[in-house]
Amino acid sequence: MTRKPKPATKGDSSAAPPKSAQTKAQDDQVMATNNSSIVSKRSVEKLYYPNEPHFFRYFVKKFQRRAPLINRGYWLRLRAIDVLVRDFLRGARARGKRGVVVNLGCGSDVLPWQCLTRYPEECGNVRFVDVDFPDLIERKRQTVLGTPELLGMLTGLREKEGLVRPVVLESDRYVQIGCDLRDLGTLQAGLAAAVGDFAECEFIFVAEVSITYMETEGADAVIRWASTVGNAEFVLLEQILPDGENHPFASTMLRHFEKLNTQLKSVTEYPTATAQHARFSSRGWDSVQVWTLWQAWADETFLSASERRALDDIEEFDEWEEFALFASHYCVVHARAGSTYTPTSTPSLPHGPSIPLWHAALQFDECPGARGQRRFAAAMPLFEDETQQSVLNVLGLGTKSRLQSCDVFSLGASHGAGALTFRDGGPTTRMCHSLTDLGGNGVLLAGGRASPSKPLKDCWHFDKGSKTWKQTHDLPVSLYRHAVTALGDSGLALLLGGRGEVKTFEGCLVYHPETGWVNCEIVGHKPAAVYGAAISCGKSPRGSSSFHGLYTGGIHSGLISDQTLSWKADISDIKKPTIKFTPLRLSENGDVSRSQWLLTRFGATCVQHGDEYLIVGGVARDHLLSRRDEMLLCSVSDDELTITRRLFGQGTEHESINRPLFVGHSAVPMPDGSVVVVGGGATCFSMGTFWNKGVYTLRPPARGSQAARTSPFPQRWVYAKTVDIVPANLSPVVPPKLHEHGKPASITAIPRLKLETAADFLQIIQKGLPVVLEGLDLGSCVSAWTLNYLVDKIGADRKVVIHEAATQVMDFTNKNFRYITTGFQDFAKRVGKGDRLYLRALSHEKPSEKPAVLADDFPALACDFVLPAQLSLVSENQFSSVLRVSGPVNMWLHYDVSSAPFIPFPASVVLMTSLQVMANVYCQIGGSKRLLLFPPSDVEYLSFAPGASSSSIDVFSSLESPQLAHTRPQEAVLSPGDVLFLPPLWLHTATPTSDNSIAVNVFFRDLDGGHYASGRDVYGNRDLAAYEKARQDVGRIASSFRKLPDEARAFYILRLADELRGLARG
């Protein structure tokens, strides 16, 4: 039995009144949201569906690869809708009904073409109907008619003149309706014209983040109207606020849409999955199911475990906390109306009402500006004495990139830890590492990562007395997001889990300061291999060799594990330590099934608090942690765990507390029982980034106490400073087939010669070797340019962005410098005083888009600097001209490539190589410099990381080492007026031989543009497209070996490396 169409209810069918100018403007802004959405969907289409025809490409002018977080989020959105529509198509076919798929607010979505491609048999008796604003539908119509790949899939196309408005395009299986969804009368008429008798059809309505932009009354009218057309289903995907508007992700999301003037109209009325269920149930829908996208991610309805795992082979991913936050703030509703569907009950919100909620004193000390903003760092306490206490938050991710520094916070005074410099070397930039306080044995930093596919194994010891870093025993395997805890006062550490280069670490390790990492034998129950778990060690008698603690959560196969274990470690024989795990069951203090999810988390911190364990933050499986649930105290006894209290942080007395986001944070227990939380925040999908803007101090209530002490904390935390950590010198990586003890590299002087004609310079280019050109007339700059002269011409207040280095040897890879903006006069004064500063001028007009051009950026200097007639080829094909001013700092070892069109050389000129790239002439104007150059073939000896155009090696201090014995360095010392021709891809570095240096280098085009990578290349250092593509191929090759045993994997990859090396050497 099918439903007959019901009369539209009041407010549902009346014709929409004429739009006001304000309404039309807002409608235009809502339509504009389609542009960003389809760019992201195009990114997903290209990366995640390589074996399918691509349809979004016809609506997106230029492909833009989105970040992994956005790609995975949009993939999940598309997947949820695809599965529910697929199941509808199969059901309609099985029942012998004509299926109608109506996409409400379709934008440029390509659902019809995807379904026709993926499910051709199920689509035999289906009609797809796209509905959106008339203006947007007209643009979509023109694209479809003008694209053979889209139009060719449509049969029986009707002439426009014979269509009934609002239908603007009609074929056998695809229809477009231009209609404002607020005008339900017109929509129903158009749908009737498109599909005929509703009683012969089954409908599925899809609204993917579309009707939420309507006024709530209008959106609800659409939902009610859709339930009246007959047997129907409705798929709604839109935002929710599961923990209210003040949750950091929610507030960031709402501000984003407010800024775009595309407010989410329904989200406050229907903020939860329960509210959305009631919304549909009260508007004619018999069966309603609601998932958050985070629940859908874990539900076999939408994807299997193997499909989840396969996503990691497409692109590297480690943004789990941010993915969970995004997915928890979107819901999918699947509603059905018709006689075959039985009513469903309202889902209940997860919470732990039977677990006591206690208030805990929470203090917030704000940092100035953006100070202290870092995520996925690791923190440690540093006590000078009882009165001087500091917390250091070390390395991690900053606002733009990974940081080579630490933030210092002092209790009660901003001058704490004043002697810290870390100029004697320390760990390189990283995130997701661990810091473990080993008491008298100092602090252990272990592992971490650069990118998700580049885990690190190096470990560092921090000496609390000398306040210096020293490299210690490496991990046996590279790891990040591992769980580490100190074993009481033994000075040892226990490590569990962690993510490696290929797989999750399954073992257990014990660290001893003298002997390093020792395998710890697991006796009995073996825990699942996870990463991102929380671990803590309980109290043990002083001098004990037996320790116990808690290990919970983490991710396994793409889902947060429900694993909660106690552990007992025996280190009486340090050469053969053992550990035993016991699965814990929740005690009957509350509903066990509804409390387990509170405990098992990813990215949480766990610290000992008295005889209990305090768990703070992270993300939970299936549900968003509310503010009432994000901090727990629990106790362990035998094989039983009890969540004794949930903690709700509140300000002391009348103090208002900015709500924190305990994600990517670091927690440090203090001697007085308080817990200091520093750092933290999250990228809120494509809607902005939320940062914790200061230090939070939590004072949990003592066990047995019924109330938190709300008296003020005795002292406040103060941001003291940020201290650069100068990375220790790295030893060059030597290819395995090279002799280990070769003679020191022999340095060759770069030839010096004089040019007579432009033809002479062309011959130099053809040879492709560096030369120093003498006696050229570069203009008055050689005699005139001094620091004072430049200040006078450029302007004292002209703002420039400069490098401020921590040491003389700048390292681009490890960022041992920082970028600062300052006035040119201040910069010149500091250079004159000998400060380690470097200016590489940028485009004054559009520094992120255009290359620097001296004449445009510093017009007052333009007439001083000229390229002589002998260098006319450079002038005619100039790409950029860069002013460089430096103090006593070395430029890092690097090479230059740049994207530029082909030089129109005369047809008679035959170049020596078919691939030329950007070359440059380096013109020394003031001061002097020593440059070392290496031919491109030396790149394999000089520790260039895959994909990097810079190396961390200080070759000036390493030339005598046997590791560089096989290199062929060439040297030049440049004086004012000298010009160095630098061929493309030659590796080079420079050090000043005078107090300061002034130079201009001019890049000129020297390659067919088709060989370059796409995108902007302001600095001239993008690699060739062939190399960037090949690197992606390398990633795919490595993934194909993932499931092999480690030895077999290494064997075959090394064999491939030998083949490539043989090809390179010809």
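Contact is taken to mean heavy atoms within 4.5 Å. The structure is a predicted model, in which local features need pLDDT of at least 70 and side-chain atom pairs count only at pLDDT 80 or more, whereas totals for chains, interfaces and linings use all residues. Residues are numbered from 1 along each chain as its sequence is written, and side-chain values use heavy atoms, with hydrogens and water left out.

Threonine 429 is situated in the loop that links strand E12 (405-411) and strand E13 (434-437); strands (E, at least two residues) and helices (H or I, at least four) are DSSP runs numbered from the N terminus. Because its relative accessibility is 12%, threonine 429 counts as buried (under 20% relative accessible area; exposed is over 50%, partly exposed in between; 1.4 Å probe, protein chains only). Apart from neighbours within four places in sequence, threonine 429 is in contact with Leu395, Arg402, Leu403, Gln404, Leu456, Thr813 and Asn814. A polar atom of the threonine 429 side chain lies 3.4 Å from the backbone oxygen of leucine 403.

Strand E15 (residues 459-463) pairs in the antiparallel sense with strand E14 (residues 443-446) over four bridges, where pairing requires that DSSP finds at least two bridges between two strands. E15 also pairs with strand E16 (residues 468-472), again antiparallel, over five bridges. Tryptophan 460 of E15 is the bridge partner of leucine 445, and glutamine 471 in E16 is likewise a bridge partner of tryptophan 460. Four residues lie between the strands of the E15 and E16 hairpin, in which lysine 467 adopts a positive phi near 55 degrees.

Strand E44 (residues 799-805) runs antiparallel to E45 and is joined to E45 by seven bridges; valine 800 has threonine 822 of E45 as its bridge partner.

The axes of helix H6 (residues 184-195) and helix H7 (residues 216-226) come within 11 Å and cross at roughly 35 degrees. Leu184, Leu187, Gln188 and Leu191 of H6 make this contact with Ala221, Val222 and Trp225 of H7.

Notes: A polar contact is a pair of N or O atoms within 3.5 Å; within protein, one must be able to donate a hydrogen and the other to accept it, and residues adjacent in sequence count only if both atoms are side-chain atoms. Axes are lines fitted to C-alpha atoms, for helices over the stretch in contact, and angles run from 0 to 180 degrees between N-to-C directions.
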